[in-house]
Each structure stands twice: as C-alpha cells, then as structure tokens.
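User: I would like to go through the terms used for this model one at a time. Please set each value against its cut-off before drawing a conclusion.

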Amino acid sequence: FKCNGPCQEEACDPVEGVYHCEACGWDCCMDCVEDAEAEMLPKERGMLRHHKIDWRELRAKLPIQRTPEQKALRKQMFWLFDPNGNRLLSLAEIDKGVRDILDLPLMFSSKPVMMRAYQAAKGKSKRKNNHPDFVQFCEFRILLEYLGRYFELKVMFDRIDVSDDNRISFEEWEQAVPSLEEWGVTIDDPAQTFQAIRKKMKPRFEVGLNGKILFREFAWWAIKQQLELAEADSDYDEEGDETPF
C-alpha cells in the first residue's frame with residue numbers, strides 16, 4: 001500500500017487502517033488523514049469557521065437518545081447506511097451515509113470528523129462475534145454520538161485556526177484563550193498547555209509542522225477537558241441546550 005498522505009510511504013503499514021476518498025480517488029493511512037486533508041484539499045481549509053451551524057438541525061439528524069423511538073430511528077437509519085446488508089459498516093459506507101442519508105454536507109466534507117468518530121466507535125462491542133474493523137448496529141449509537149461530538153470540536157478547531165491551514169500555531173492558540181475559557185477550560189499557562197498537546201504528536205508528523213498541532217491532538221485534549229461551545233455562541237438559537245451534544 002502506498003500512502004498519498006504526508007508520510008508518503010511506498011510500503012506503508014497502516015496501523016489504524018486506510019481511508020479511501022471516493023470523490024478524489026486517493027488512499028491515505030488513517031494515521032495522517034488529517035494532515036493529508038490540509039495538503040490535498042486546500043479549498044476546504046477552515047470551512048467550518050466560515051459557516052453558520054444550525055445545531056438544532058444537526059441534533060435532529062443524529063438520534064442518539066436511548067428512547068424506544070430513537071432506537072427505532074437508528075435501526076431504520078442503520079439499514080440505509082448498510083446497502084449490502086452485511087450488518088457491518090465500513091468507513092466508506094459511513095462516509096456515504098453522512099452525505100446521502102444524514103444529508104450533512106459540512107460534516108461529509110470534514111474527513112477527520114468521520115475518521116475519528118469511526119475509530120472511536122468500531123470494535124466497542126464486547127460480543128463474541130466482534131468485527132473490530134467495522135461498526136455494528138450495537139455500536140451505531142456511539143458512532144452517531146461521536147460524529148456530533150467531533151464535528152463540534154472541528155468547529156472549535158477551525159475557529160482557532162484563523163490562518164486556515166488546518167494547523168494551530170502557538171500564536172493562534174494564545175489568541176484563542178478567551179474563547180477556550182468560554183468553552184469551559186481556564187488556561188493559566190498557554191505555552192505549557194500547548195506543549196503538552198504537542199507531546200501527543202507522532203514523531204513522523206513533526207516534520208514540516210513547524211511546532212503546530214493538528215486536529216487529532218486538539219480533539220484528544222478537548223475531549224479530556226470536556227469542552228463545549230458556549231451558549232453565548234452566535235450560532236446558537238436562543239432556546240438551545242447548554243451544549244449541542
């Protein structure tokens with residue numbers, strides 16, 4: 001397997017699997033799909049920062065509640081995601097389902113969101129017939145929940161990334177401290193926190209990043225901090241919940 005992502009390995013051993021984009025035809029190991037998006041899809045850089053997000057509509061399209069009604073919706077939705085009827089969802093099927101079934105074009109265009117949600121959901125089942133490389137129905141609710149969560153984090157990431165290069169520099173991080181406080185975390189030492197996040201960076205991604213962080217590392221940190229878009233967010237409707245998800 002030759003990776004078209006930043007690692008450019010001729011004989012790549014993709015630990016986390018392979019992402020294939022049907023739209024542009026390139027293959028990329030999931031280790032570097034976020035940075036591959038930055039390099040290969042420049043027209044979509046920072047795209048979420050430039051859009052008004054209808055959180056109410058997004059919540060309505062992701063039935064994640066444990067009620068009988070929402071479970072019935074998930075069953076119906078799962079079969080629509082699974083056109084070959086094998087009861088297993090690949091990343092490609094999830095990709096297509098977000099576009100065609102959920103009708104969420106902004107989420108569909110943000111590949112790191114779907115990749116991270118897929119990685120978080122697949123293999124969570126403890127059943128004997130577990131398929132660790134696919135999402136089963138018993139993991140589908142988790143998938144939908146993570147799709148919403150990672151999309152929310154990608155909106156935050158893009159708001160911090162004012163240079164639209166799909167990376168956060170320390171200067172951008174420092175300027176975003178007031179926004180991060182609105183989202184739920186107080187940062188006493190921006191430099192120390194930034195370096196702690198960068199330590200999660202895999203060594204091969206250090207080349208060419210010039211000390212910046214990618215969405216993968218930001219999402220890892222943000223989930224630990226339980227960041228939420230503030231109710232004061234101008235994208236919120238007045239009757240919105242405290243957090244989109």
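User: What should I keep in mind about the source of the values?

Analyst: This is a predicted model, in which local features need pLDDT of at least 70 and side-chain atom pairs count only at pLDDT 80 or more, while totals for chains, interfaces and linings use all residues. Residues are numbered from 1 along each chain as its sequence is written, and side-chain values use heavy atoms, with hydrogens and water left out.

User: How many helices and strands does the protein chain have, and what counts as one?

Analyst: The protein chain has 11 helices and 2 strands, where helices (H or I, at least four residues) and strands (E, at least two) are DSSP runs numbered from the N terminus. In order from that terminus, the elements run β-β-α-α-α-α-α-α-α-α-α-α-α.

User: Why is R149 called buried?

Analyst: Buried means under 20% relative accessible area, exposed over 50%, and partly exposed in between (1.4 Å probe, protein chains only). R149, which is found in helix α7 (residues 140-160), has a relative accessible area of 15%, so R149 is buried. Of the 245 residues of the protein chain, 51% count as buried.

User: What makes the pair of E152 and R149 a salt bridge?

Analyst: The term requires a side-chain nitrogen of Lys or Arg within 4 Å of a carboxyl oxygen of Asp or Glu. For E152 and R149 the closest N and O atoms are 2.9 Å apart, and the two form a salt bridge. Because they are 3 residues apart in helix α7, E152 and R149 are separated by about one helical turn. Both residues are buried.

User: Which residues gather in a patch of negative charge, and what makes it a patch?

Analyst: E181, E182, D188 and D189 gather in a patch of negative charge on the surface. Patches are made of residues with over 30% relative accessible area and no salt bridge, with like charges joined within 9 Å and nonpolar side chains (Val, Leu, Ile, Met, Phe, Trp, Tyr) within 5 Å. D189, in the loop between α9 (177-182) and α10 (190-198), is partly exposed, with a relative accessible area of 35%.

How values were computed:
Areas by Shrake-Rupley, 256 points an atom, 1.4 Å probe, with all protein chains shown as cover. Lys, Arg positive; Asp, Glu negative; His and termini not counted. Charge placed at Lys NZ, Arg CZ, Asp CG, Glu CD.
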